[in-house]
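User: I would like to learn how to read a few features of a protein model. Please take them one at a time.

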Amino acid sequence: QHAQEIISLAVSNLNGDIIATGEYSAGVKPTVHIWNSRTLENINVLKGVHQKGIHLLAFSSDDKFLITCGLLNPSAILIYDWAVGTIIVSSSIASPT
């Protein structure tokens with residue numbers, strides 16, 4: 001068994017209908033889940049990029065993109081087109097803030 005728990009959350013900017021949750025995971029790569037906040041339907045799962053956990057999440061001002069920051073040092077910074085699960089940009093920073 002691998003322990004997974006939600007450690008970060010982001011709410012969409014335009015109407016709050018979309019929520020993203022990021023996991024901490026011991027042993028398996030953590031995922032980001034995209035939810036409809038009104039129906040609780042799981043819309044998408046972004047898998048297998050971050051290594052330990054997702055420290056921060058944020059939607060772009062138009063809600064088209066989701067930015068994630070991992071827990072490891074250096075931390076991966078990813079920008080997703082969350083609706084299709086595609087990484088648009090990836091980078092890293094020396095220390096998460």
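User: Is Ser 8 buried or exposed?

Analyst: Buried means under 20% relative accessible area, exposed over 50%, and partly exposed in between (1.4 Å probe, protein chains only). Ser 8 has a relative accessible area of 8%, so Ser 8 is buried. This is a predicted model, where local features need pLDDT of at least 70 and side-chain atom pairs count only at pLDDT 80 or more, while totals for chains, interfaces and linings use all residues. Residues are numbered from 1 along each chain as its sequence is written, and side-chain values use heavy atoms, with hydrogens and water left out.

User: Which residues does Ser 8 touch?

Analyst: Contact means heavy atoms within 4.5 Å. Not counting residues up to four places away in sequence, Ser 8 touches Ala 20, Thr 21, Gly 22, Ile 54, His 55, Leu 56 and Leu 57. The side chain of Ser 8 also reaches the backbone oxygen of Ile 54 at 3.0 Å.

User: How many residues does the largest nonpolar core have?

Analyst: A nonpolar core is a set of buried Ala, Val, Leu, Ile, Met, Phe, Trp, Tyr and Cys residues joined through side-chain atoms within 4.5 Å. The largest one here has 13 residues, and those with the most contacts inside it include Ala 20, Leu 57 and Phe 59. Leaving aside neighbours within four places in sequence, Phe 59 is in contact with Ala 20, Leu 66 and Trp 82, among others.

Terms used:
A polar contact is a pair of N or O atoms within 3.5 Å; within protein, one must be able to donate a hydrogen and the other to accept it, and residues adjacent in sequence count only if both atoms are side-chain atoms.
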